[in-house]
Amino acid sequence: MNIVLLGAPGAGKGTMAQRLVADFGVAHISTGDLLRAAVKSGSELGVQAKKYMDAGELVPDQLVIDLVKERLGADDAQRGFILDGFPRNTMQAVTLDSELSAMDKSIDCALLIDVQADVIVNRLSARRTCRACGYTGTAADAVCPTCGGEMYQRDDDKPETIKNRLDVYDKNTAPLVEYYRGQGKLKIVDGDHAIDEVYAATKEALGL
Ligand code: AMP
């Protein structure tokens, strides 16, 4: 199964991806995670990407596309993959389709996790992430419940950046819903429920 997860920042894409990966052994390709790792490592890519990420803007397409291409070629992606946070605009979606077609692959399904904007703002403000394993929790988690690591607030989950990220989503990424609907690949789940319920709906929508 080759899946694209669509939805605003904070909709729950990362959480659904983590569960699907644990249950079905597919590769989790999160461009946000890949970029944060590049920033942490201090690589040239990380230095270039950081200024866009801190402002809640999209990192230039070519930088992200190169990262994804490399990741799609890795061994663990050959059994299937979940793209989380990519594509983020039409240019990335069109490039993805042509890269996959050159690899004799395609996207099976684009799943939109649909959540209202006011819910998103509350979720992002409360979101905390584990510095060690990337687990996503809330301000109520003193330490990571998975590995005991330190929980921190991502710079781009701070109030001044959240609004810009949502604007960028509406302008650049939301049009992909129509892109995948036009290809007959769009499925939608209501993401405004408890995690277990959203996951059950996700598996049903994906026919799993
Ligand atoms: P995320 O963890 O998916 O919310 O991504 C965090 C930040 O990384 C975004 O706000 C962007 O600055 C950058 N980013 C992640 N994925 C992409 C992408 N596909 N295209 C451009 N920038 C991206």
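V4 stands opposite A110, a residue of strand β4. This is a predicted model, in which local features need pLDDT of at least 70 and side-chain atom pairs count only at pLDDT 80 or more, while totals for chains, interfaces and linings use all residues. Residues are numbered from 1 along each chain as its sequence is written, and side-chain values use heavy atoms, with hydrogens and water left out.

Back to the strands. Strand β1, residues 2–6, pairs with β4 in the parallel sense, over 4 bridges. When I say strand, I mean a DSSP run of E with at least two residues; a helix is a run of H or I with at least four, and both are numbered from the N terminus. Two strands pair if DSSP finds at least two bridges between them. In general, strands of a sheet pair through backbone hydrogen bonds, either parallel or antiparallel.

β4 also runs parallel to β8, and 5 bridges join these two. On that side, A110 stands opposite L186 in β8. Is β4 buried or exposed? Of the 6 residues of β4, which covers 109–114, 5 are buried, so this strand is largely enclosed by the rest of the structure. Buried means under 20% relative accessible area, exposed means over 50%, and partly exposed is in between, with a 1.4 Å probe and protein chains only.

Next, an open sheet. It has 3 strands in the order β6-β5-β7, and the pairing is antiparallel. β6 (136–138) and β7 (151–152) stand at the edges with a single partner strand each, so one side of each has no neighbour in the sheet. Strand β5, residues 127–130, is joined to β7 by 2 bridges. C130 of this sheet stands opposite M151 in β7.

Now two points about the backbone. As background, most residues other than glycine have a negative phi, and most peptide bonds are trans. Which residues does a cis peptide bond join? They are F86 and P87, with omega about 0°. P87 is found in the loop between β3 (81–84) and α5 (90–102). The other point is D104, which has a positive phi, near 65°, and is not a glycine. D104 lies in the loop between α5 and β4, and with a relative accessible area of 73% this residue is exposed.

A brief stop at helix α4, residues 61–72, where Q62 lies. Q62 counts as partly exposed, at 46% relative accessibility. The C-alpha atoms of Q62 and A77 are separated by 21 Å, and the two residues are 15 apart along the chain.

That leaves the charges. How many salt bridges does a search of the whole structure find? The search finds 13, where a salt bridge is a side-chain nitrogen of Lys or Arg within 4 Å of a carboxyl oxygen of Asp or Glu.

K163 and D167 meet in a salt bridge at 2.8 Å, N to O. Both belong to helix α7 (residues 159–173), and because they are 4 residues apart, about one helical turn separates them. K163 counts as exposed at 55%, whereas D167 is partly exposed at 36%.

In helix α8, residues 176–182, E178 and R181 are 3 residues apart, so again the separation is about one helical turn. Their closest N and O atoms are 3.1 Å apart in a salt bridge. E178 is partly exposed, with a relative accessible area of 47%, and R181 is partly exposed at 43%.

K158 is partly exposed at 28%, and D155 is partly exposed at 44%.

There is also a network of salt bridges, which links R127, R154, D156, D157 and R165.

Last, the surface. D114, D118, D190 and D192 gather there in a patch of negative charge. D190 is in strand β8, residues 186–190, and is partly exposed, with a relative accessible area of 43%. A patch is made of residues with over 30% relative accessible area and no salt bridge, with like charges joined within 9 Å and nonpolar side chains (Val, Leu, Ile, Met, Phe, Trp, Tyr) within 5 Å. Asp and Glu count as negative and Lys and Arg as positive; His and the chain ends are not counted. The place of a charge is taken as NZ of Lys, CZ of Arg, CG of Asp or CD of Glu. Accessible areas come from the Shrake-Rupley method with a 1.4 Å probe, and for residues only the protein chains shown count as cover.
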